[in-house]
Amino acid sequence: MGAHEQPPHHPHKQKTPRSGYSVPRPVCAWLACGFVSLALLHLLCCTPPGTQDAVLSPLLQYVDDTYNFVSSGPRSCNYSEGRWVYAPGHARRYNGTECDVKESHDCLRNGRPDTGYLDWRWQPAGCRLPAFDAGAFLSAARGKHVALVGDSMVRNQAQSLACLLAGAGFPHRVVYRDAGPRGKPDLWRWAFPTHGVTVSFYWAPFVARATGKALNDTLPQSMNHVHLDAADDLWGADADTMDVVVLGTGHWPLNGAIYYVNGEVIGHHVHDELDPAMDIGYTRPMRMAYRTALDRLSRSGRPRTVVLATLSPGHRYEGDTLATMCPRKAPYEEGEHELRDIDRELVGLVYEEAEAARARNGEGGATRVEVLDVTKLAAMRPDGHPGAYMHRDPFAHEVQPWMAADCVHFCLPGPVDTFNEILQHILMRKRR
């Protein structure tokens with residue numbers, strides 16, 4: 001039929017007049033909208049906040065799942081900014097006692113008396129973060145090796161990911177667990193055979209090759225020897241097998257180290273026995289370590305996604321004490337707990353290195369580089385620290401110094417699961 005031709009006339013298909021009275025469709029639509037609006041207004045004005053979120057959360061999720069308002073526009077949503085909202089049962093997706101986590105990170109096993117920390121959801125500014133979907137994650141990562149490389153917070157995230165997937169009923173097994181010289185899991189690997197997915201954690205607190213304190217917990221923090229021009233041996237040996245890589249170094253460069261390039265010392269940071277004039281700070285070494293790792297992962301030409309995770313800030317701010325902070329049962333409110341300047345600086349460094357890596361790789365390069373910005377959502381959850389629950393009654397005796405200083409890890413299950421909700425969204429959205 002031509003563009004301007006009229007359809008043929010069928011005299012036997014005339015509309016039959018309806019008897020009685022009917023309401024026009026536009027009027028029905030307006031009445032329905034008015035009813036829904038009044039119902040929502042009543043919900044917002046006349047019901048407790050917990051009830052509001054319990055009703056609105058599934059409704060918003062249904063609208064997003066049906067019409068794809070949120071997922072289709074990832075760059076319109078800033079996951080790094082937002083607040084924690086009460087959402088009963090949101091984080092009750094697995095039992096840390098029944099999946100493979102480091103014992104000290106299992107709050108239930110170690111006597112945490114409350115479970116309210118599992119009833120909160122991260123609400124980004126201007127959009128909604130979909131809950132973790134194990135089936136969707138495994139489908140997106142089918143046949144791939146998902147490697148998480150870095151410090152103990154990255155290990156936390158790796159354990160969370162394995163438990164989120166296993167807790168959804170997907171068969172899995174631990175295929176390797178190497179305690180290493182420190183007596184802690186330095187290489188941990190889980191297999192999910194239904195989708196051919198491997199999840200691995202590699203201990204590499206500086207990302208680059210490091211010895212000293214990084215491999216021996218009995219040494220002082222400043223006794224780290226870091227070779228900035230080489231990937232850590234543990235993950236570097238498997239780099240060519242990795243399809244998705246999460247890199248995170250956290251606070252380790254702040255604690256002091258001696259730095260090398262081509263086997264020669266180029267400087268140090270806060271090492272009392274070396275010349276203060278040779279102190280090169282922490283940002284330059286962090287940049288060099290990230291660039292070495294990103295270039296190592298890009299040079300093979302293998303299509304992969306590399307995600308740089310921002311740090312989870314230490315939770316001991318001025319005025320905080322272990323006894324008052326760790327038992328806190330609710331997240332901080334907006335404006336109650338601001339990030340420190342050093343936290344903002346290190347977050348900015350991660351974004352800059354990600355952008356520089358994209359420029360080096362060029363348009364259409366095989367390696368996709370993204371940022372997993374979890375700093376604010378982590379800082380707003382002081383109750384996530386499991387160290388206080390390594391003993392049945394942690395405040396009935398003198399707290400060990402190492403425990404008082406170690407306020408950066410999260411209970412499992414708990415807020416660290418949100419890291420993987422954002423990671424899933426990164427993997428499922430289209431490349432920029």
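**Entry 1: the aspartate 240 pair**

I began with aspartate 240, which counts as partly exposed because its relative accessibility is 42%. The model I am reading is a predicted one. I then looked up the partner of this side chain: aspartate 240 forms a salt bridge with arginine 296, and the closest N and O atoms are 3.2 Å apart. Aspartate 240 sits in the loop between helix H5 (233–236) and strand S9 (244–248), and arginine 296 in helix H6, so the bridge ties together parts that lie 56 residues apart in sequence. I noted arginine 296 as buried, since its relative accessible area of 14% falls under the 20% limit.

**Entry 2: helix H6 against helix H8**

The side chain of arginine 287 meets that of glutamate 353 in a salt bridge, at 2.8 Å from N to O. This pair links distant parts of the chain, with arginine 287 in helix H6 and glutamate 353 in helix H8 (residues 341–361), 66 residues apart. Arginine 291 also forms a salt bridge with glutamate 353, its closest N and O atoms being 2.7 Å apart. Here again helix H6 is linked to helix H8, by residues 62 apart. Salt bridges with shared partners join Arg287, Arg291, Glu352 and Glu353 into one network.

I then asked myself: is glutamate 353 buried or exposed? Glutamate 353 counts as buried, at 1% relative accessibility. Arginine 287 is partly exposed, with a relative accessible area of 24%, and arginine 291 is partly exposed at 37%. For the model as a whole I recorded 17 salt bridges.

**Entry 3: the four-stranded sheet**

I traced an open sheet of four strands, in the order S7-S8-S10-S11 and with mixed pairing. Strands S7 (208–212) and S11 (264–269) stand at the edges with a single partner strand each, so one side of each has no neighbour in the sheet. Direction ignored, neighbouring strands are turned by 25° against each other on average.

Within the sheet I checked S8 (residues 224–231) and S10 (residues 257–261), which run parallel and are joined by three bridges. Histidine 227 stands opposite tyrosine 260 in S10. Helix H6 (residues 283–298) packs on this sheet and touches S7, S8, S10 and S11; the direction of the helix makes about 40° with that of S8.

**Entry 4: nonpolar cores**

I looked up which residues touch the most other members of the largest nonpolar core. They are Leu165 and Val199, in a core of 61 residues. Helix H4 (residues 152–167) gives the largest share of this core, nine residues. Apart from this core lies another, of 29 residues, which includes Leu187, Trp235, Val245 and Ala293.

I listed the contacts of valine 199, leaving aside neighbours within four places in sequence: Val146, Leu148, Leu161, Leu165, Trp188, Arg189, Trp190 and Phe192.

**Entry 5: asparagine 420**

Asparagine 420 counts as buried because its relative accessibility is 0%.

Key: Residues numbered from 1 in each chain as written. Predicted model: local features only at pLDDT ≥ 70, side-chain atom pairs only at ≥ 80, totals over all residues. Heavy atoms only, no water. Buried < 20%, exposed > 50% of the residue type's maximum accessible area, 1.4 Å probe, protein only. Pairing = 2+ DSSP bridges. Helix = DSSP H or I, 4+ residues; strand = E, 2+ residues; numbered from the N terminus. Axes fitted to C-alpha atoms, helices over the stretch in contact; angles between N-to-C directions. Contact = heavy atoms within 4.5 Å. Core = buried A, V, L, I, M, F, W, Y, C linked by side-chain atoms within 4.5 Å. Salt bridge = Lys/Arg side-chain N within 4 Å of Asp/Glu carboxyl O.
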